[in-house]
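Subject: Structure handover

Hello,

Here is the structure we talked about handing over. My notes on it follow below.

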Amino acid sequence: MLAEAIGEARRRKCSIVVARLDRLSRDVHFISGLMAHRVPFVVTELGSDVDPFLLHLYAALAEKEAKLISARTKAALQAAKARRVVLGGPKIDEARIASATVRRAAADQYAANVMPIIEAIRKAGVVKQRDIAAALNARGIVTVRGGRWHPSTVQNILART
């Protein structure tokens with residue numbers, strides 16, 4: 001994403017604006033590379049006319065800070081493991097399965113509710129999915145997500161029942 005922003009800034013010949021230098025990068029090499037390739041950037045915390053030497057200093061400090069944060073985080077995780085704390089988030093796979101099950105049940109219920117309407121449209125002689133979708137839209141019936149009907153939406157409902 002940052003590479004895209006840099007490329008876009010170079011194409012448009014405009015500056016990248018960041019609040020703090022460490023929001024751009026915590027890598028001295030990266031910051032000096034931007035400066036060497038004449039990619040314009042402004043750090044609002046430092047102002048637009050900051051000396052390149054100061055940018056290098058702030059980049060070095062940001063890089064050091066990143067290493068210190070990493071070391072403190074690793075030490076804290078090791079301490080938590082030593083206390084036998086279970087690390088990680090909730091059982092995410094189980095939560096995803098449960099969420100998918102709930103969504104699937106809701107979609108099945110919606111399909112069961114709309115299927116009698118589709119059957120009535122079919123009994124009236126409309127058989128193409130495109131025409132069924134148009135008839136549902138004409139009746140003001142929205143999809144499960146509140147949108148308009150399309151042939152593929154009708155096909156999904158028919159496959160579900």
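L24 is a residue of helix α2, which spans residues 21–24. Please keep in mind that this is a predicted model. The relative accessibility of L24 is 5%, so this residue counts as buried, the cut-off being under 20%. Apart from neighbours within four places in sequence, L24 is in contact with L2, I16, V18, F30, I31, L34 and F41. I141, by contrast, lies 117 residues from L24 along the chain, and the C-alpha atoms of these two are separated by 48 Å.

Next, the aromatic rings. The count comes to one aromatic pair. Y110 and W149 form this pair, and it is stacked, at 6.5 Å centre to centre with 20° between the planes. Y110 belongs to helix α5 (residues 92–123), while W149 sits in the loop between α6 (129–138) and α7 (151–160), so the pair ties together parts that are 39 residues apart in sequence. W149 has a relative accessible area of 3% and is therefore buried.

Last, the packing of α5 and α6. The axes of these two helices come within 10 Å and cross at roughly 115°, and the crossing is right-handed. On the α5 side, the contact is made by V114, I117, I118, I121 and R122; on the α6 side, by I132, A135 and L136. Sorted by class, the residues in the contact of α5 with α6 are seven nonpolar, no polar and one charged.

Regards

Terms used: Residues are numbered from 1 along each chain as its sequence is written. This is a predicted model: local features need pLDDT of at least 70, side-chain atom pairs count only at pLDDT 80 or more; totals for chains, interfaces and linings use all residues. Side-chain values use heavy atoms; hydrogens and water are left out. Helices (H or I, at least four residues) and strands (E, at least two) are DSSP runs, numbered from the N terminus. Buried means under 20% relative accessible area, exposed over 50%, partly exposed in between (1.4 Å probe, protein chains only). Contact means heavy atoms within 4.5 Å. Rings of Phe, Tyr and Trp (its six-membered ring) pair if their centres lie within 6.5 Å; planes under 30 degrees apart count as stacked, over 60 as edge-to-face and the rest as tilted. Axes are lines fitted to C-alpha atoms, for helices over the stretch in contact, and angles run from 0 to 180 degrees between N-to-C directions. A crossing is left-handed if the near helix is turned anticlockwise from the far one by less than a right angle, and right-handed if clockwise. Ala, Val, Leu, Ile, Met, Phe, Trp, Tyr, Cys and Pro count as nonpolar, Asp, Glu, Lys and Arg as charged, and the others, Gly among them, as polar.
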